[in-house]
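Subject: Structure handover

Hello,

Here is the structure to go with your reading. Please open it beside this message.

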Amino acid sequence: MPLGAALEDFGFDTWERKSAVLRFMSMGDIQVAKGHTFKQAPGDKVLGSSDHGPILVSGARAGHRFVALGFDPRDSDLVLRIAWPLFVLNTINAFVEEDTGYVSSYRTGEVWHIAVPGSLSTVSLLEPGGAKHAVPVSDGRAVFRGELAGFYKLSGGADDAPLGEFAANLSDLDESRIAPQKELLLAGKKASAVSIAQVSLRSEIWIYLLLAVIAISLVEWVTYHRRVTV
């Protein structure tokens, strides 16, 4: 990363609050003893600047992403602030999530944030049905709402080079867990063991009454046709 002008006693006058690297961070009161500005190259993104130029830049070189600070953190009070561990964790997460070579799986019916090279402003997304969409990229994420299950292909750049492939399906991780549970909770209470009731035969009086009516009707029918009760 080419260095620019040397600086002394400076700090962050502006920073990209929506950047994944600076998420949940306030950089306005950080003091730096010495450092340099950067000479920004095409495709680089300035995440933080002093009044004299960029001092925090992200970008890619030869297909590999980077985040560069224009000063040694030990020459500042950044390492003494809670922003420092957040900055480290956010940077690690940004690099891990940018791995587009990983074939991931998304759930249909949701808005997807697909990791793509941060130097691109748009990418092409080929759906399983054959439809192709131009998808905008925001902070290294292609944002798209997927409705179809199947395999999707990403491509982008000047030559529309392949960027990766991922799957989408209808499954739900929680619903797919079918392993038996050691305890069953019902309304927040532990369920007791199931007791098996003994099967008993019940005497139904109406059955016998029905049989008696049928028998009387049969006797009356026989005696009538034999002229006994005529």
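Predicted model: local features only at pLDDT ≥ 70, side-chain atom pairs only at ≥ 80, totals over all residues.

Residues are numbered from 1 along each chain as its sequence is written, and side-chain values use heavy atoms, with hydrogens and water left out.

The sheet

Helices (H or I, at least four residues) and strands (E, at least two) are DSSP runs, numbered from the N terminus. Two strands count as paired if DSSP finds at least two bridges between them. Strands of a sheet pair through backbone hydrogen bonds, either parallel or antiparallel. Here, an open sheet is built from four strands in the order E2-E4-E5-E6, with antiparallel pairing. At its edges are strand E2 (14-15) and strand E6 (64-69), each of which pairs on one side only. E2 and strand E4 (residues 45-50) run antiparallel and are joined by two bridges. Tryptophan 15 has glycine 48 of E4 opposite it.

The cores

A nonpolar core is a set of buried Ala, Val, Leu, Ile, Met, Phe, Trp, Tyr and Cys residues joined through side-chain atoms within 4.5 Å. Buried means under 20% relative accessible area, exposed means over 50%, and partly exposed is in between (1.4 Å probe, protein chains only). The largest nonpolar core has 18 residues, and Phe12, Leu22 and Met27 touch the most other members. Strand E1 (3-10), strand E5 (53-61) and helix H1 (83-97) each supply at least two residues of this core. H1 gives the most, with three residues.

Contact means heavy atoms within 4.5 Å. Not counting residues up to four places away in sequence, leucine 22 touches Trp15, Glu16, Arg17, Met27, Leu47, Leu56, Phe87 and Asn90. There is also a second, separate core of 16 residues, including Val116, Val135, Val137 and Phe144.

A loop residue

Threonine 108 lies in the loop between strand E7 (105-107) and strand E8 (110-115). Is threonine 108 buried or exposed? Threonine 108 is buried, because its relative accessible area is 11%. Its contacts, leaving out residues up to four places away in sequence, are Gly146, Glu147, Leu148, Ala149, Ala168, Asn169 and Leu170.

The salt bridges

Side chains of opposite charge can pair when their charged atoms come close. A salt bridge is a side-chain nitrogen of Lys or Arg within 4 Å of a carboxyl oxygen of Asp or Glu. A search of the whole structure finds five of them.

One of these joins aspartate 29 to arginine 81, with the closest N and O atoms 3.1 Å apart. The pair links distant parts of the chain, 52 residues apart: aspartate 29 is in the loop between E2 and strand E3 (32-38), and arginine 81 is in the loop between E6 and H1. Aspartate 29 is partly exposed at 41% relative accessibility, and arginine 81 is partly exposed at 28%. Asp29, Asp77 and Arg81 are linked in a network of salt bridges.

Another salt bridge connects aspartate 160 and lysine 132 (3.2 Å, N to O). Arginine 145 forms a salt bridge with glutamate 147, where the closest N and O atoms are 2.7 Å apart. Arginine 145 is partly exposed at 46%, and glutamate 147 is partly exposed at 46%.

Regards
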